[in-house]
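Please read each point with the model open.

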Protein chains: 2
Amino acid sequence: MATVKQINIALLGLGTVGKGLVNLLKENEAEILNKHNAKVNVVKVFERNADKLVKFGLDKNLFTDNMQNIYDDANVDVVVELLGRIHPSKEYIEGALKAKKNVVTANKDLICMHGDELLEVAKENGVTLLYEASCLGAVPVINTLKNNFLGDEIKSIKGIFNGTTNYILTKMTQEGLSYEECLKEAQALGYAESDPTNDVEGIDAAYKLCILSRFAFGLDAKFDDITKKGITKITSQDIQIAARLGYTIKLLAIAKCNNGELEMRVNPVFVSNNHQLSKINGAFNACTIEGNYSDEITLIGRGAGSHPTASAVANDVMNFAHTMGDVGSRTLKKAKLAKDGTMKYYLRLSILDKPGILSDIAKIFGDNGISIESVIQDKNDNPEVKSLIIVTHVTTSSGMQKALDKIAKTASVQSVDSVLEVIG
Amino acid sequence: MATVKQINIALLGLGTVGKGLVNLLKENEAEILNKHNAKVNVVKVFERNADKLVKFGLDKNLFTDNMQNIYDDANVDVVVELLGRIHPSKEYIEGALKAKKNVVTANKDLICMHGDELLEVAKENGVTLLYEASCLGAVPVINTLKNNFLGDEIKSIKGIFNGTTNYILTKMTQEGLSYEECLKEAQALGYAESDPTNDVEGIDAAYKLCILSRFAFGLDAKFDDITKKGITKITSQDIQIAARLGYTIKLLAIAKCNNGELEMRVNPVFVSNNHQLSKINGAFNACTIEGNYSDEITLIGRGAGSHPTASAVANDVMNFAHTMGDVGSRTLKKAKLAKDGTMKYYLRLSILDKPGILSDIAKIFGDNGISIESVIQDKNDNPEVKSLIIVTHVTTSSGMQKALDKIAKTASVQSVDSVLEVIG
């Protein structure tokens with residue numbers, strides 16, 4: 001076994017995602033060691049003051065408010081920029097790249113507007129700039145475009161790239177409320193900003209479309225080339241008409257290429273209810289990539305939030321475990337096979353409807369440590385018997401097997417008709 | 001610009017996927033050159049006789065029925081195995097690897113049963129064995145597990161890995177038919193084999209689960225360790241009960257890890273209608289991967305078929321464009337920005353219901369080259385006016401703009417209330 005590789009990171013910004021990353025690195029320390037034979041150490045945290053570190057339980061000696069300390073620290077391998085906004089993040093990242101540090105960022109505005117320039121600086125300095133977290137949080141859409149469709153011609157990218165607007169449209173669709181009512185609720189729940197312009201006018205989605213279009217179509221795609229139309233004019237009437245015609249209204253970011261000509265837009269779309277994107281509800285994000293041979297591939301997941309975004313950032317950081325120094329290919333941990341299964345169960349029994357039968361069965365479950373979520377008595381094809389439908393909480397397969405053996409021997413039970421797993 | 005990299009492949013088997021691959025390489029030749037500065041040449045085709053090649057329009061000089069000719073051909077860079085079955089594919093792949101050829105295969109049975117052994121042979125010989133197409137056709141689930149979740153602990157993989165059974169269950173659910181009726185129809189349509197055992201008993205799905213579990217959990221997962229239960233016992237009654245309780249029955253392949261202990265099974269599951277997997281219908285495949293920080297990421301696409309499988313094979317082949325010889329990182333083509341948009345439109349107009357209004361509007365569309373898919377007249381909030389709802393076929397944005405300018409000036413049109421894109 002090679003020596004454990006140490007990856008030292010400087011973290012710029014201890015906000016929601018920064019805290020999520022620190023927690024991930026702590027919680028998944030054993031997993032990361034197991035998978036990569038590597039350990040990630042936070043060796044500097046750039047913030048306005050040290051209090052934030054101390055409050056979060058970090059050593060105050062990690063604190064710095066001077067980027068030069070990070071550039072000069074030969075110990076720092078990777079700079080993780082989680083400050084957001086274009087300035088001064090752009091200057092900080094440039095400085096880090098010039099100091100030969102690899103950089104990971106989640107900053108979509110910055111990458112959209114200045115990504116090409118920063119990638120050039122990285123190249124000149126022989127280091128790498130990664131930014132999976134800038135698009136769709138934990139949904140690995142940049143990596144998917146990098147590593148797949150290599151023999152395909154990509155025809156289009158279409159997606160739900162903004163959770164706030166999808167939450168609002170889902171609520172308008174499901175509850176028949178107006179745009180204004182749903183926006184207010186989204187704001188009350190913290191899903192939408194007090195100034196929601198960036199989300200509801202399609203600007204946030206356009207940043208991501210711009211970044212992804214470069215991977216898919218190689219165009220030096222520019223934000224200004226994207227037509228943007230938001231959801232503020234969507235009415236309940238249009239949503240109802242859509243439903244009647246078999247469609248659902250979604251705010252889609254679309255880039256499609258015909259004969260080498262690219263169209264890019266963010267706008268509300270009548271999406272056929274047969275299409276996967278019509279089924280993405282609430283705060284979820286999704287992206288459908290269409291290759292000329294692969295057909296449509298859709299990726300769905302959480303597009304924002306502390307943990308999912310930290311996951312994407314950590315993924316980029318762990319990439320460096322295999323490009324820096326002496327650690328070879330990913331080493332996989334070895335899980336061991338479980339002796340017993342664990343699951344929720346659905347059971348359907350045919351029973352003679354006699355007094356006490358339900359309590360007999362309930363007792364058998366209880367004796368085997370199985371708790372019941374719901375019980376329904378239903379009619380059966382045979383009028384003399386009833387169907388008893390039971391959904392359990394999560395239990396062991398061995399416990400269920402014992403219970404079923406006992407139930408099969410119970411006088412009033414005619415047959416055990418179905419035993420199926422339940423998820424969700 | 002570096003010299004165009006030549007990648008010479010020997011193709012074993014000119015069946016559906018083999019033909020799909022040959023077509024892809026021809027159709028996407030310019031795209032592949034553009035993206036990778038590479039050209040893929042089929043230099044040998046292993047088949048039983050040369051007729052098959054000639055009938056498909058391939059040069060009969062490519063034909064060989066002797067693997068030794070392929071092992072000995074210094075010109076062959078990559079061997080693509082598309083024969084299926086375990087023997088003699090296993091021996092052929094071993095031979096190719098020992099002759100220092102890279103190998104790409106779509107053979108799930110073989111990789112499930114002997115993947116570890118073959119990867120060992122590849123390693124010993126300093127070459128690479130890739131098999132993205134062995135799992136879920138064009139859905140890049142192996143690459144996703146390789147390149148993502150690097151900082152996460154993967155908690156579970158759950159998926160619909162078999163299109164035949166999903167087609168049958170979808171039909172049972174949507175049309176209330178019995179298993180036997182749906183199986184017969186699937187067989188008539190060629191979606192199910194005359195002996196459907198491998199599909200309906202969960203064996204096919206278990207092969208894929210076995211392969212994916214190795215990437216996710218590092219266990220030397222064995223096919224025999226997977227509990228398999230098929231769909232033959234699923235009744236309409238269970239499907240109806242599921243619907244009543246808010247679930248859909250799906251055949252899921254599941255591997256989940258708790259405290260380092262892994263459970264693996266293929267079985268029919270009550271999937272909550274809130275879960276993405278409940279919404280995957282027909283012959284589609286899907287896989288949900290759950291990381292402890294990423295939460296659930298779902299990938300959806302076509303899990304079988306000539307083109308999607310060829311797409312996954314070609315992706316693996318193109319990987320070698322960047323590991324063999326002098327071609328650097330992927331070069332991206334440059335698309336150019338389209339001057340005009342193309343899309344289907346939904347329009348909602350408020351009109352005064354006067355004779356001739358519809359023909360006036362239809363004429364404006366016709367004059368601007370826009371053809372109409374459907375027109376609906378609807379009541380409006382204002383009793384004096386009607387809503388006119390129009391869905392067009394695909395047209396240009398400039399044409400639509402001209403038509404809208406004209407429509408806005410039409411006497412009986414009160415207002416243009418909505419102009420939205422339509423997909424599907």
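Through what do the copies meet: the same surface or different ones? The points below begin with the basis of the model and then answer this question.

1. Basis of the note. This is a predicted model, in which local features need pLDDT of at least 70, side-chain atom pairs count only at pLDDT 80 or more, and totals for chains, interfaces and linings use all residues. Residues are numbered from 1 along each chain as its sequence is written, chains are lettered from A and ligands numbered from 1 in the order in which they are written, and side-chain values use heavy atoms, with hydrogens and water left out.

2. The two copies. The copies meet through the same surface, because 100% of the interface residues of chain B are also interface residues in chain A. Chain B is superposed on chain A by a rotation of 180° with 0.0 Å of shift along its axis, and the RMSD is 0.0 Å. The two copies are therefore related as by a two-fold rotation axis. The superposition is by least squares on the C-alpha atoms of residues with pLDDT of at least 70 in both copies. Among the residues of chain B, L299(B) comes closest to the rotation axis, with its C-alpha at 2.3 Å.

3. Chain A as a whole. Chain A contains 15 helices and 18 strands; these are DSSP runs numbered from the N terminus, helices being H or I of at least four residues and strands E of at least two. The C-alpha atoms of chain A fill a box of roughly 80 × 60 × 45 Å along the principal axes. Of its 424 residues, 58% count as buried (under 20% relative accessible area, with exposed meaning over 50% and partly exposed in between, for a 1.4 Å probe and protein chains only). Among contacts (heavy atoms within 4.5 Å) in chain A between residues at least 6 apart in sequence, 70% join residues at least 24 apart.

4. The parallel sheet of chain A. Six strands of chain A form an open sheet with parallel pairing, in the order β3-β2-β1-β4-β5-β6 (two strands pair if DSSP finds at least two bridges between them). Strands β3 (63-64) and β6 (129-130) of chain A stand at the edges with a single partner strand each, so one side of each has no neighbour in the sheet. Two bridges join β2(A) to β3(A), and V45(A) stands opposite F63(A) in β3(A). Helix α1(A) packs on the sheet, touching β1 (5-12), β2 and β4 (78-81) of chain A, and its direction makes about 160° with that of β1(A) (axes are lines fitted to C-alpha atoms, for helices over the stretch in contact, and angles run from 0 to 180 degrees between N-to-C directions). Helix α5 (residues 89-98) of chain A also packs on the sheet, at about 155° to β5(A).

5. Helix α2 of chain A. Which residues of helix α2 (residues 29-36) of chain A are buried? They are E31(A), I32(A), K35(A) and H36(A). These residues lie on the same side of α2(A) because they cover an arc of only 100° around the axis, the arc being that of the directions from the helix axis to the C-beta atoms. They pack against α1 (16-27), β2 (38-46) and α13 (306-319) of chain A. Just after α2(A), N37(A) takes a positive phi of about 50°.

6. Helix α9 of chain B. In helix α9 (residues 179-188) of chain B, the buried residues are Y179(B), C182(B), L183(B) and A186(B). They fall within an arc of 100° seen down the axis of α9(B), so they line one face of the helix. K184(B) and A188(B), on the other side, are exposed. The cover over the buried residues of α9(B) includes α8 (163-175) and α10 (197-200) of chain B.

7. Strand β9 of chain B. Of the 12 residues of strand β9 (residues 247-258) of chain B, 11 are buried. Strand β7 (residues 154-160) of chain B pairs with β9(B) in the antiparallel sense over four bridges, and S156(B) stands opposite K256(B). Strand β10 (residues 261-272) of chain B also pairs with β9(B) in the antiparallel sense, over 12 bridges, with I249(B) opposite F270(B). Two residues lie between β9(B) and β10(B) in the hairpin that they form, and N259(B) in the turn has a positive phi of about 50°.
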